[in-house]
Amino acid sequence: MPKDKKETKIKKEKKEKKEKKEKKERKDKKEKKEKNGEEIIDVKMEEATSSKKEKNGDVKMEEATPKKEGTMIVHYDLSALVPFSIPLASKEFVLELMQTVRKASKKRQCRRGVKEVTKALKKNHKGLVVIAGDISPPDVISHIPILCEEHNVPYIFIPAKADLGFSCSAKRPTSVVMIVPDLKNEENFDYKDEYKLCLKQVRELEQAIIF
């Protein structure tokens, strides 16, 4: 067998071994998370990307393929909740909220953090406020529900600030997010159905508390 072909075969075998090892590590990691009680849900992103590869001086174009941006993990630990975490979303509803926040964030229709949300509420912006319930000290967010009620803006609590931060593509956990949809521009509001469904569920939870 020629030397160059032998070297190519060895490289190919090494590459296959490396891929098998990485696949096994990913599988073990996933199984470990499932054992710890974490619910892992794949979020399919319908985005196509194209990349260039240079080999031996030649540029090769790859076909556009769907790219998965990661997974959403719902943390539903109620031990660290502030006493006023009412209404509180169920585990299934948390996922719906996270997906809606993610879509709004991509359209730049989100206000993140206490300062931005407080400012938006005082300016009478309309939308949906999602608050993390594991904030310490509670005084940081205690005024947000009051402001929401004063301006007739629906709000909902979810257990984990880490989930809220991840859903709005922030690098750190986020205490509060306000979805402020562009109601005038239908093309820029392609998550309308999901938003309305979340809004409806929040209103139903509010009514259940009142009665």
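1. Just after helix α3, Asn124 adopts a positive phi of about 65°. A second case follows helix α2, where Arg108 takes a positive phi of about 60° just after the helix. Both values come from a predicted model, and the points below should be read on that basis.

2. Which residues of α3 are buried? They are Gly113, Val114, Val117, Thr118, Ala120 and Leu121. Because these residues cover an arc of only 165° around the axis, they fall on the same side of α3. An α-helix has 3.6 residues a turn, so positions three or four places apart point the same way.

3. On the face of α3 turned away from the buried side, the exposed residues are Lys115, Lys119 and Lys122. The cover over the buried residues of α3 includes β7, β8 and β10, together with helix α4 (143-150).

4. In which sense do β8 and β9 pair, parallel or antiparallel? Strand β8 (residues 128-132) pairs with β9 in the parallel sense, over four bridges. Within this pairing, Val130 stands opposite Ile156 in β9. In general, the strands of a sheet pair through backbone hydrogen bonds.

5. Helix α2 spans residues 91-106, 16 residues in number. From its first C-alpha to its last, α2 reaches 23 Å, close to the 22 Å expected at 1.5 Å a residue. The buried residues of α2 include Phe93, Val94, Leu95, Leu97 and Met98. Further along α2, Thr100, Val101, Arg102, Ala104 and Ser105 are also among the buried residues.

6. For the protein as a whole, the secondary structure comes to six helices and ten strands. Of the 211 residues, 33% count as buried. The accessible surface amounts to about 14800 Å², and 50% of this area belongs to carbon and sulfur atoms. Among contacts between residues at least 6 apart in sequence, 75% join residues at least 24 apart.

Note on methods. Residues are numbered from 1 along each chain as its sequence is written. This is a predicted model: local features need pLDDT of at least 70, side-chain atom pairs count only at pLDDT 80 or more; totals for chains, interfaces and linings use all residues. Side-chain values use heavy atoms; hydrogens and water are left out. Two strands pair if DSSP finds at least two bridges between them. Helices (H or I, at least four residues) and strands (E, at least two) are DSSP runs, numbered from the N terminus. Buried means under 20% relative accessible area, exposed over 50%, partly exposed in between (1.4 Å probe, protein chains only). The arc is that of the directions from the helix axis to the C-beta atoms. Contact means heavy atoms within 4.5 Å. The expected span of a helix is 1.5 Å times one less than its number of residues. Accessible areas come from the Shrake-Rupley method with a 1.4 Å probe; for residues, only the protein chains shown count as cover.
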